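Colleague: Could you take a close look at one part of this model with me? I'd like to hear what surrounds it and how it ties into the rest of the chain.

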Amino acid sequence: MNRKLITSLFIGVLVLTLVLSGFAKHAPQEGADAAIDNDSAKAVFGRGCATIHPDAQTARLIEDANRRFRASLQSRGGEASRTGTVNVNVYFHVITNTSGQGNVTDTQIANQIAVLNNAYSGATGGANTIYRFTRVSTDRTANNTWYTTTGGASEREMKTALHRGGAADLNLYTNNMGGGLLGWATFPWSYASDPVMDGVVCLYSSLPGGSAAPYNLGDTATHEIGHWVGLYHTFQGGCNGNGDYVSDTAAEKSPASGCPTGRDTCPNKAGLDPIDNFMDYSIDSCMFKFTAGQGARADSLTLQYRGL
């Protein structure tokens, strides 16, 4: 191994350590305080996503590490963005209570996988990404505590018992989370420090045909898996700074609610708010696209951290 590569790997490990240290300060909390905060967000913005985003300093460290990774790929003759597709194996974990509530059907699960493949292939009108999803297995567990978990010790217990596969495999859990939430996810760079916690948790009634209208077309999973492949919310950073680190998503000051066509919360920046983007907070029927820039960002981050 040459000295330049050793130095690059050392820097990467150091940056990852700093990143994870920053995330440790913002770990999800379980209990009343978390529920109050998330209920407030739900009331104002509609789509309750509890994915923990990095602070500005940590986000810059992540971006710098990924920039070096892309440069290293290109220096060895690789491409900044890949063509073709990669398959993501999906392990579906259905959590019910002991009365059987939350037991989504096999048809709903199949429809959810179809929604994901349509969204990530660009079939709904957005850019094509490299990701395609295949359900590998479904397990069903009756556990009253896991059924309503919003994070913390009970989430870890659930995932420790059920998690399957490695960094490139998606573990998708459904339950009846509290706090007005629809879901949350882990980012690619978090995998190395805590593999068992990796994955996505979605409200069971947000699956296609569920009762969580207007969030019952399956795009809660689309949104949360966007985080799982490395994408931020479109309103990350507001009107200033680096935003979501994607150049072809217009700046957005705050989350959208409903489907506010023509909304422009950053009038001094180019473009209207990206309310039709899967990474905003619009209702499911309003969201239909990823951008090419989001696809390229996810590609490099999942290759770097998931080997996907």
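Predicted model: local features only at pLDDT ≥ 70, side-chain atom pairs only at ≥ 80, totals over all residues.

Modeller: Gladly! Contact here means heavy atoms within 4.5 Å. Residues are numbered from 1 along each chain as its sequence is written, and side-chain values use heavy atoms, with hydrogens and water left out.

Let's settle on Asn-277, in the loop between α7 (219-228) and α8 (292-306); helices (H or I, at least four residues) and strands (E, at least two) are DSSP runs, numbered from the N terminus. Asn-277 counts as buried because its relative accessibility is 1%; buried means under 20% relative accessible area, exposed over 50% and partly exposed in between, with a 1.4 Å probe and protein chains only. Setting aside neighbours within four places in sequence, Asn-277 is in contact with Thr-234, Thr-249, Met-287, Lys-289, Phe-290, Thr-291 and Gln-294.

With Gln-294, the side chain of Asn-277 makes a side-chain to side-chain polar contact at 2.9 Å. Such a contact is a pair of N or O atoms within 3.5 Å; within protein, one must be able to donate a hydrogen and the other to accept it, and residues adjacent in sequence count only if both atoms are side-chain atoms. A polar atom of the Asn-277 side chain also lies 2.9 Å from the backbone nitrogen of Met-279.

Now for the ties to the rest of the chain. Asp-284 forms a salt bridge with Arg-47 (2.5 Å, N to O), that is, a side-chain nitrogen of Lys or Arg within 4 Å of a carboxyl oxygen of Asp or Glu. This pair links distant parts of the chain, 237 residues apart: Asp-284 sits in the loop between α7 and α8, and Arg-47 in the loop between α2 (32-45) and α3 (56-75). Asp-284 is buried, with a relative accessible area of 2%, and Arg-47 counts as buried at 2% too.

Arg-306 lies in α8 and Asp-198 in the loop between β4 (183-185) and β5 (200-203), so the pair ties together parts that are 108 residues apart in sequence. Both residues are buried.
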